[in-house]
Amino acid sequence: MSPTGLDRARVAELIVTRAGGRWRGSGYRVTTEAVLTASHVLEDAESVQVRFEPDLPGEWSTTGISWWVDPASDLAVISIAARPYERLSPALFGRISERATSLQVQAVGFPLWKLREDRASAPGSAQRPTRYRDAHHAIGSVATLSNRSEEHTSELQSHHD
């Protein structure tokens, strides 16, 4: 993460194929060849399609080569092929300490409630409507002493401007 916030070009929409169908999730490209996500997103995954800038002019996608999951921490990393001539600095991370404070945070995802139909496909036209999931960018804070009994969780307090 840059000092000024999330880098939109690193936000990934994940399309995960499982025996029961296709599922979607979110991730963040932390290096040229790695996308960080939650392990529950990759549960029973058979294949993973990783899309960057989804449904935008700069969209590009790649297939996950392999992935590592740790259900205990709900973390996972997807390996992707590096793009030729691309230079990407590793994302920076912080650690939440035991000190009582409020941290400013941001998160981006593609939740089911953001499922949309393309407005360009007018009713009655020969073209079928295109369905897509739009991004949700949450901005808020995390109080570091919240959820102390429930291990490995944080509570996001959303800030609405």
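Contact here means heavy atoms within 4.5 Å. In this predicted model, residues 24 or more positions apart account for 54% of the contacts in the protein chain with a separation of 6 or more.

**Whole chain**

Start with the chain in cartoon view. The protein chain has 12 strands and zero helices. Read from the N terminus, its elements run β-β-β-β-β-β-β-β-β-β-β-β. Colour by accessibility next: of the 161 residues in the protein chain, 29% are buried.

**The sheet β8-β11-β12**

Select residues 102-109, 136-143 and 156-158. Residues 102-109 are β8 and residues 156-158 are β12, while residues 136-143 form β11. Together they make an open sheet of three strands in the order β8-β11-β12, with antiparallel pairing. The edge strands are β8 and β12, each of which pairs on one side only. From one strand to the next, the twist averages 40°.

Strands of a sheet pair through backbone hydrogen bonds, in either a parallel or an antiparallel way. Between β11 and β12 the pairing is antiparallel and covers three bridges. To see one of these positions, select Ser 141 and its bridge partner in β12, Gln 157.

Now move to the loop between β11 and β12 and select Arg 148. Is Arg 148 buried or exposed? Its relative accessibility is 53%, so Arg 148 counts as exposed.

**The hairpin of β6 and β7**

Select residues 66-70 and 75-79. These are strands β6 and β7, which run antiparallel and are joined by five bridges. Ser 66 has Ser 79 in β7 as its bridge partner. Four residues lie between the strands of this hairpin, where Asp 74 takes a positive phi near 55°.

**The cores**

Show side chains for Leu 14, Val 35, Leu 42, Val 50 and Ile 78. In the largest nonpolar core, which has 15 residues, these five touch the most other members. The elements that give two or more residues to this core are β1 (11-18), β4 (47-52) and β7.

Centre the view on Ile 78. Which residues is Ile 78 in contact with, leaving aside its neighbours within four places in sequence? The list includes the core residues Leu 14, Val 35, Leu 42 and Val 50. Ile 78 is also in contact with Glu 33, Ala 34, Thr 37, Val 48, Gly 64, Ser 66 and Trp 67.

Another core, of six residues, lies apart from the largest one. Among its members are Val 11, Tyr 28, Val 30 and Ala 91.

**Rings and charges**

Select Phe 52 and Trp 60. A pair of aromatic rings is described by the distance of the centres and the angle of the planes. The structure holds one aromatic pair. The ring centres of Phe 52 and Trp 60 are 4.5 Å apart and their planes are at 20°, so the pair is stacked. Phe 52 is buried, with a relative accessible area of 0%, and Trp 60 counts as buried at 15% relative accessibility.

The charged end of Arg 29 sits over the ring of Phe 52, 5.5 Å from its centre. Arg 83 lies over the face of Trp 60, at 3.9 Å from the ring centre.

Next, select Thr 62, which is in strand β5. Thr 62 counts as buried because its relative accessibility is 15%, and the cut-off for buried is under 20%. Leaving aside its neighbours within four places in sequence, Thr 62 is in contact with Val 48, Gln 49, Val 50, Ile 80 and Ala 81.

**Two loop residues with positive phi**

Finish with Glu 53 and Tyr 85. Glu 53 is in the loop between β4 and β5, and Tyr 85 is in the loop between β7 and β8. Phi is positive in Glu 53, near 50°, although this residue is other than glycine. Tyr 85, also not a glycine, has a positive phi of about 65°. Which of them is buried and which exposed? Glu 53 counts as buried at 13% relative accessibility, whereas Tyr 85 counts as exposed at 87%.

Methods:
Residues are numbered from 1 along each chain as its sequence is written. This is a predicted model: local features need pLDDT of at least 70, side-chain atom pairs count only at pLDDT 80 or more; totals for chains, interfaces and linings use all residues. Side-chain values use heavy atoms; hydrogens and water are left out. Two strands pair if DSSP finds at least two bridges between them. Axes are lines fitted to C-alpha atoms, for helices over the stretch in contact, and angles run from 0 to 180 degrees between N-to-C directions. A nonpolar core is a set of buried Ala, Val, Leu, Ile, Met, Phe, Trp, Tyr and Cys residues joined through side-chain atoms within 4.5 Å. Buried means under 20% relative accessible area, exposed over 50%, partly exposed in between (1.4 Å probe, protein chains only). Rings of Phe, Tyr and Trp (its six-membered ring) pair if their centres lie within 6.5 Å; planes under 30 degrees apart count as stacked, over 60 as edge-to-face and the rest as tilted. A charge sits over a ring if NZ of Lys or CZ of Arg is within 6 Å of the ring centre and within 35 degrees of the ring normal.
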